[in-house]
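Here is a walk through one protein model, from a single side chain out to the overall shape.

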Amino acid sequence: QVQLVESGGGLVQPGGSLRLSCQGSGIFFRAVNMAWYRQPPGKQRELVAFITSAGTQNSVDSVKGRFTISRDNAKNTVYLQMNSLKPEDTAVYYCNQWGTSTWGQGTQVTVSS
């Protein structure tokens with residue numbers, strides 16, 4: 001059974017940083033592409049960043065230069081380093097085995113003073 005478990009969310013002031021983690025189990029982690037999505041309050045879920053099994057990564061324009069996705073295959077974990085956080089980054093963040101219906105439970109990120 002495939003399982004993704006996120007952690008690392010919380011409340012942070014504007015300009016602050018957080019690092020989200022997502023650990024996978026039940027999959028050959030190093031062979032799969034992974035992604036982070038987010039769902040702001042009252043809005044649809046949207047892609048934030050992805051990283052392929054080969055390490056190729058990309059992110060949406062609204063987070064470029066502030067967020068970095070990375071992976072540690074030895075730990076079956078994908079990370080999202082979020083710097084210079086803004087109130088509009090407030091959302092529930094979800095880990096996804098990219099291109100599949102496999103999702104984590106989500107972790108809340110709130111950016112507020």
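**Starting from a tryptophan**

W98 is partly exposed, with a relative accessible area of 31%; buried would be under 20% and exposed over 50%, with partly exposed in between, using a 1.4 Å probe and protein chains only. Before going on, a word on the source: this is a predicted model, where local features need pLDDT of at least 70 and side-chain atom pairs count only at pLDDT 80 or more, while totals for chains, interfaces and linings use all residues. Residues are numbered from 1 along each chain as its sequence is written, and side-chain values use heavy atoms, leaving out hydrogens and water.

So what is W98 doing with its ring? A pair of aromatic rings is described by the distance of the centres and the angle of the planes. The rule used here takes rings of Phe, Tyr and Trp (its six-membered ring) and pairs them if their centres lie within 6.5 Å; planes under 30 degrees apart are stacked, over 60 edge-to-face, and the rest tilted. That gives 3 aromatic pairs. In one of them, the ring centres of F50 and W98 are 4.2 Å apart with their planes at 10°, so this pair is stacked. F50 belongs to strand β5 (residues 46–51), and W98 to the loop between β9 (91–97) and β10 (107–111), so the pair ties together parts that are 48 residues apart in sequence. Strands here are DSSP runs of E with at least two residues, numbered from the N terminus. F50 itself counts as buried, at 17% relative accessibility.

Now look at Y94 and W103, an edge-to-face pair with 6.3 Å from centre to centre and 90° between the planes. Y94 is buried at 13% relative accessibility, whereas W103 is partly exposed at 31%. Ring pairs link Y37, Y94 and W103 into a cluster.

L47 is in strand β5 and is partly exposed, with a relative accessible area of 27%. Setting aside neighbours within four places in sequence, L47 is in contact (heavy atoms within 4.5 Å) with A35, W36, Y37, V60 and W98. In strand β6 (residues 57–59) you'll find S59, which is buried at 19%. With the neighbours within four places left aside, S59 touches V48, A49 and K64.

**The open sheet and the whole chain**

Elsewhere, 4 strands make an open sheet in the order β1-β3-β8-β7, with antiparallel pairing. Its edge strands, β1 (3–7) and β7 (67–72), each pair on one side only. Two strands pair if DSSP finds at least two bridges between them; β1 and β3 (residues 18–25) have 5 bridges, and L4 stands opposite G24 in β3.

Zooming out, the protein has 0 helices and 10 strands. Buried residues make up 44% of the 113 residues. The C-alpha trace spans about 40 × 25 × 20 Å along its principal axes.
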